[in-house]
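Take a moment with the sequence and the model below. We will go from the overall fold to single residues.

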Amino acid sequence: MCWSAEADLVAGAGIAAVGTAGAARALRAGRRRLHPLAALPRRRGGRPKLEGAVCGAGGGTGPRE
């Protein structure tokens with residue numbers, strides 16, 4: 001079910017930005033072991049973006065009653 005395509009896109013971009021910043025910080029600190037964990041939000045930021053694209057295209061409206 002879609003609430004707002006714009007909200008999904010903004011949330012996805014924000015989540016991905018947090019993951020990018022975390023991954024960069026882990027690398028700068030010399031903690032290569034933590035890089036995959038720090039980058040996890042960057043990978044998970046794709047789902048809200050995809051949901052926003054589906055919602056914006058008219059899909060994802062939920063079951064018809």
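Helices (H or I, at least four residues) and strands (E, at least two) are DSSP runs, numbered from the N terminus. This is a predicted model: local features need pLDDT of at least 70, side-chain atom pairs count only at pLDDT 80 or more, and totals for chains, interfaces and linings use all residues. Residues are numbered from 1 along each chain as its sequence is written, and side-chain values use heavy atoms, with hydrogens and water left out.

Start with the whole chain. The protein chain has 4 helices and 0 strands. Its pattern along the sequence is α-α-α-α. It has 65 residues, and 20% of them count as buried. Buried means under 20% relative accessible area, exposed over 50%, and partly exposed in between (1.4 Å probe, protein chains only). The chain exposes about 5,000 Å², with 60% of that supplied by carbon and sulfur atoms. Such areas come from the Shrake-Rupley method with a 1.4 Å probe; for residues, only the protein chains shown count as cover. Contact means heavy atoms within 4.5 Å. Among contacts in the chain with a separation of 6 or more, 64% join residues 24 or more positions apart.

Now turn to charge. Side chains of opposite charge can pair when their charged atoms come close. A salt bridge is a side-chain nitrogen of Lys or Arg within 4 Å of a carboxyl oxygen of Asp or Glu. How many salt bridges does the structure hold? It holds 1. Arg47 and Glu51 form it with their side chains, at 2.9 Å from N to O. Both sit in helix H4 (residues 46-56); because they are 4 residues apart there, about one helical turn separates them. Arg47 is exposed, at 60% relative accessible area. Glu51 is partly exposed, at 33%.

Asp8 tells another story. It lies in helix H1. Asp8 is buried yet has no salt bridge, and the nearest side chain of opposite charge, Arg47, is 8.9 Å away. Here Lys and Arg count as positive and Asp and Glu as negative; His and the chain ends are not counted. Setting aside neighbours within four places in sequence, Asp8 touches Pro48, Lys49, Glu51 and Gly52.

Pro48 is 37 residues away from Ala11 in sequence, but their C-alpha atoms are 6.6 Å apart. Ala16 is also in helix H1. Is Ala16 buried or exposed? Ala16 is buried, at 11% relative accessible area. Beyond residues up to four places away, Ala16 is in contact with Pro41, Arg42, Gly45 and Lys49. Lys49 is 33 residues from Ala16 along the chain, with 9.8 Å between the C-alpha atoms.

Last, look at the surface. Patches are made of residues with over 30% relative accessible area and no salt bridge: like charges are joined within 9 Å, nonpolar side chains (Val, Leu, Ile, Met, Phe, Trp, Tyr) within 5 Å. The place of a charge is taken as NZ of Lys, CZ of Arg, CG of Asp or CD of Glu. Which residues gather in a patch of positive charge? They are Arg25, Arg28, Arg31 and Arg33. Arg25 belongs to helix H1 (residues 5-28). It is exposed, at 61% relative accessible area. Leu34, Leu37 and Leu40 make a nonpolar surface patch of about 250 Å². Leu34 sits in the loop between H1 and helix H2 (35-38). It is partly exposed, at 34% relative accessibility.
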